[in-house]
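Here is a short tour of a two-chain model, written to be read alongside the coordinates. Please open the structure and follow along.

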Amino acid sequence: MSLAISHLARRFDTTQVLRGIDLTVGKGELIALLGPSGSGKTTLLRIIAGLDWPDAGALSFNGTDWLVKSAAERRIGFVFQHYALFPHMTVRDNIAFGLTVLPRADRPGKAQIAATVDRLLAFLQIDGLADRYPAELSGGQRQRVALGRAMAIEPRVLLLDEPFGALDAQVRRDLRRWLRGVHDSAGTTTIFVTHDQEEAFELADRVVVMNGGVIEQTGHPDEIYDHPATPFVARFLGLTVEVPVTIRSGRAQAAGLDLTALPRRALPDGPATLFLRPADIQPVPDPAAPFRVTEIASTGALLRIVAENAAACRIEAEMPRRQGRDLRKDQPVALRVIAGQIFPGGAAPADAAPVEAPKALKESRP
Amino acid sequence: MSAVLAPRPDQGGARLLIGLAVALTLFIVVVPLAYIFWRAFSGGFAVFAQNILAPDTLHAIWLTSVVAAITLPINLAIGIASAWLIARFTFPGRKALLTIIELPFSISPIIAGVCYLLLYGRQGLLGPLLAAGEVKILFALPGIVMVTLFVTGPFVAREVLPLMQAQGSEQEQAALTLGASGWQIFRRVTLPNIRWALLYGAVLATARAVGEFGAVSVVSGAIRGQTMTLPLQIELLFNDLNIVGAFAAASTLTLIALVVLVLKTVLEGRTR
């Protein structure tokens, strides 16, 4: 055990930003805090860093209470979303900063600092940039310098706030793999915040999904992807189609939907909601089916199909374009469901707000 | 193929406006300034030097320098502190502080002088108290310095604050997580970021401190050879009909202003 967080709560004026966070981060783990904006993930990161303090709860590292320690005493490495490099210092001086502000007794000699910086520059593959100023660097290079600056003090925990948020898509992907490599060879316990699920899933050992100041689910990426624990997580991970179903002896039933591929669930009989990914729904032409194709649109590789029944239940499906050649508008179709997640109770309008989340997230990506 | 000039609209109107602007600049700014130097040196350099070196004028130059030298560090300290407070923190009274900083800009300097007179004067609110403690504020250096501070107070904060607000506090937070102490953060991160704006504000404040007339004339009491600053001395010489002396002193003040102007132009280039 290394970092332990319990019952952490934080309020800004009237907004409850964190409502009881419990999380344990093991030594050397790479953790992603994933959630939409306003879910409290950055606040949690700042509290761990010592840049903000909770109203209630506990935070300890290896059994030592961290809430009584300042940011400097905690010795964490924090990488800001916009890097916050010192513009009047060269890359070398930026990286050396944390070493040069040490009290005289602990401060390494000039030569030793230079050697540490050189080693980091090589490690981060930015050797050639030592004498440049931040303004002369690209976004990806700045990100590496910011990481180098944070790593120079050999932090106990490395914290990254939206590390790839300000970069374009290609650089993002490259830097993501590079960061995973850096983590694997340096072995520093790392927590990063992101709103991009692809980023979280590719990079992290464990993903913590947050919403509205609580942790909705914690687990290995595949586990979360296959078994979202709450309706929010399901929607957030792209299970955007919600269909009211009826549970009878553990099986979901709905008119016009072929749900035989779904496993039996230990749920009480009665109304439930089935969450589906559009790609997990296959429309099959069937003259007797209650659903009717109302829209067909091609994105090139994919066909996006909307089917509706008489009760105005809209279902969006996605399939490779070549497989949908024989689909026509107004054609009656049966919908075969390959995979989905069932939550007890009818469609819950109380949870309506998070429905917007995945959409907003897509828009905010560059 | 021959190139044909594209037709242009008639530029007569533009020429007229440019001519008007040049004429206005000449007769409102350039000619009067040039005239000061011309008159100051009209009797030759020896006469000019003799007038500058007159004991009262020399003392006025000295007093003005002392006032500028005292007010500058105070202005820098208060300007940085208030800009930092407003840019980095939200607290009750933040808006009020912002307004107070701006206040001297919108109040006529002479009003500041009169306020000081009513507060610290012998018949003023604090007058008996000061007399009992034998503290002399009015008609002495302290009064001149205080009223100059009042007038020059906004300059540094006004220059530094927008920059601090634009830059945000992330760099300072980064330095904090890297283990820097408060003083180290200020000296190595905050100060380098605002240094040009700070210098610019200092130059403006100094120019104003050196040139202030209205507020100082009320509180100084205009005691010859004692509380006459350079602008007051110029008026005195002028009223004494010592025209060459007045112009000599004026040219000295103008020279200081021109140096400040050059500094300001150089610094403006740096701050951008």
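## Before we start

This is a predicted model, in which local features need pLDDT of at least 70 and side-chain atom pairs count only at pLDDT 80 or more, while totals for chains, interfaces and linings use all residues. Residues are numbered from 1 along each chain as its sequence is written, and chains are lettered from A and ligands numbered from 1 in the order in which they are written.

## Chain B

Chain B has 13 helices and zero strands; here helices (H or I, at least four residues) and strands (E, at least two) are DSSP runs, numbered from the N terminus. Along the principal axes, the C-alpha atoms of chain B fill a box of roughly 95 × 65 × 30 Å. Of its 272 residues, 35% count as buried, meaning that 20 or more other C-beta atoms, placed from the backbone, lie within 10 Å of the residue's own.

UniProt, in an unreviewed entry, lists "transmembrane region" at residues 16–38, 58–85, 97–119, 139–157, 197–223 and 243–263 of chain B; such annotations may be inferred rather than shown by experiment. Take two of these spans from the record. Residues 97–119 of chain B are 91% helix and 0% strand, with end C-alpha atoms 22 Å apart. Residues 139–157 of chain B are 84% helix and 0% strand, and their end C-alpha atoms lie 29 Å apart.

## Chain A

Chain A brings ten helices and 20 strands. Its C-alpha atoms fill a box of roughly 85 × 45 × 35 Å along the principal axes, and 40% of its 366 residues count as buried.

An automatic or database domain assignment supplies the domain bounds: chain A is divided into domain 1 (2–231) and domain 2 (240–364). The C-alpha centres of these two domains of chain A lie 39 Å apart. UniProt, again from an unreviewed entry, places "domain: ABC transporter" at residues 3–237 of chain A. That span is 37% helix and 26% strand, and its end C-alpha atoms are 27 Å apart.

## Nonpolar cores

A nonpolar core is a set of buried Ala, Val, Leu, Ile, Met, Phe, Trp, Tyr and Cys residues joined through C-beta atoms within 7 Å. The largest one has 99 residues, and those with the most contacts inside it include Ala32(A), Ile191(A), Val208(A) and Leu335(A). Both domain 1 (2–231) and domain 2 (240–364) of chain A give residues to this core, so it lies between them. Apart from it there is another core, of 55 residues, with Ile61(B), Ala157(B), Val210(B) and Met228(B) among them.

Leaving aside residues up to four places away in sequence, Ile191(A) touches Val25(A), Ile31(A), Leu33(A), Leu45(A), Ile48(A), Val157(A) and Leu159(A). Contact here means C-beta atoms, placed from the backbone, within 7 Å.

## Where the chains meet

How many residues of each chain are in contact with the other? On chain A there are 17, and they contact 14 residues of chain B. In chain A, α2 (71–74), β6 (76–79) and α3 (91–100) each supply at least two residues of the side that touches chain B.

Note on methods:
Contact = placed C-beta atoms within 7 Å. Buried ≥ 20, exposed ≤ 12 C-beta atoms within 10 Å, placed from the backbone.
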